[in-house]
Amino acid sequence: MAPNSGNIGSLSTYHQLQTAETKVVFQWCVDQGSIASGYKCPKCKRQMVLRPRRDISDGFNWVCRIPGQNAHHMKRSARAGSRLEQSNLPIPNILPYLLGKRVVGRWVFGGVERGTNNCFFAVVENRTSEVLLSVIEDHILPGTTVMSDCWSSYQCLSDEGFVHLTVNHSMYFVDPDTGAHTSSIEGTWSALKGICKA
């Protein structure tokens, strides 16, 4: 049984993850934003493929294997670019520290309009695509170009009438092909954090 993603900080969620299969724990971390949902190969820029590995605790790593001309075999840790990257502990052993941070706070989701700095923010109970899409549809007109990171819950936007551009922050701050970046909202989050601390 998959852990309850809507009750991130609960002890029951933690205990479920302690006994869950590796692939379930991995997917839960992807859904919560602790691990990226995808990477581009640094060599050929193609999307890397997630492959199972029995010799590492995470159970998976990202792979790009291209034969023939320009042949290469690139591997990347499933934790690369995440806050889990610096730890060698199995993911279930790290979860109490991640879960603890979420108990005391609430998820806030927001966006900024380029050029006008009009913005919106909403407290959300979780970060599933259904919840985030409902907020987006309340504040953003269909057909609008939306720029985001590669969080899996945003993958539905192109199917919902939005022009969706992504930037993979584990690779670069500005996408070299589309010019997409999230510096506007990142700057706004920094300002809000400063206000809340004051």
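Here are some questions and answers about this structure, which is a predicted model.

Reader: In what order do the strands of the open sheet of three strands stand?

Author: Let's start with the edges: β1 (49-52) and β3 (72-77) each have a single partner strand, so one side of each is left without a neighbour in the sheet. Neighbouring strands here are turned by 40° against each other on average, direction ignored. The pairing is antiparallel, and the order is β1-β2-β3.

Reader: Which residue in β2 is the bridge partner of Arg-51?

Author: Strand β2 covers residues 60-66 and pairs with β1 in the antiparallel sense over four bridges. Within β2, the bridge partner of Arg-51 is Asn-61.

Reader: Is Asp-175 buried or exposed?

Author: Find Asp-175 in the loop between β7 (163-166) and α5 (183-197). Its relative accessible area is 6%, and buried means under 20%, so Asp-175 counts as buried.

Reader: How many residues apart in sequence are the parts that Lys-40 and Asp-175 tie together?

Author: Lys-40 forms a salt bridge with Asp-175, with the closest N and O atoms 3.9 Å apart. Lys-40 lies in the loop between α2 and β1, while Asp-175 is in the loop between β7 and α5, so the parts tied together are apart in sequence by 135 residues.

Reader: How far does the backbone nitrogen of Asp-177 lie from a polar atom of the side chain of Asp-175?

Author: Asp-175 is the buried residue with 6% relative accessibility. Between a polar atom of its side chain and the backbone nitrogen of Asp-177, the distance is 2.8 Å.

Reader: Which residue forms a salt bridge with Asp-55?

Author: Asp-55 is exposed, with a relative accessible area of 58%. The closest N and O atoms of the pair are 2.6 Å apart, and the partner is Arg-53.

Reader: Which residue with a positive phi follows α2?

Author: Helix α2 spans residues 22-31, and its buried residues are Val-25, Phe-26, Trp-28, Cys-29 and Val-30. After this helix comes a residue with a phi near 85°, and that residue is Gly-33.

Terms used
Residues are numbered from 1 along each chain as its sequence is written. This is a predicted model: local features need pLDDT of at least 70, side-chain atom pairs count only at pLDDT 80 or more; totals for chains, interfaces and linings use all residues. Side-chain values use heavy atoms; hydrogens and water are left out. Two strands pair if DSSP finds at least two bridges between them. Helices (H or I, at least four residues) and strands (E, at least two) are DSSP runs, numbered from the N terminus. Axes are lines fitted to C-alpha atoms, for helices over the stretch in contact, and angles run from 0 to 180 degrees between N-to-C directions. Buried means under 20% relative accessible area, exposed over 50%, partly exposed in between (1.4 Å probe, protein chains only). A polar contact is a pair of N or O atoms within 3.5 Å; within protein, one must be able to donate a hydrogen and the other to accept it, and residues adjacent in sequence count only if both atoms are side-chain atoms. A salt bridge is a side-chain nitrogen of Lys or Arg within 4 Å of a carboxyl oxygen of Asp or Glu.
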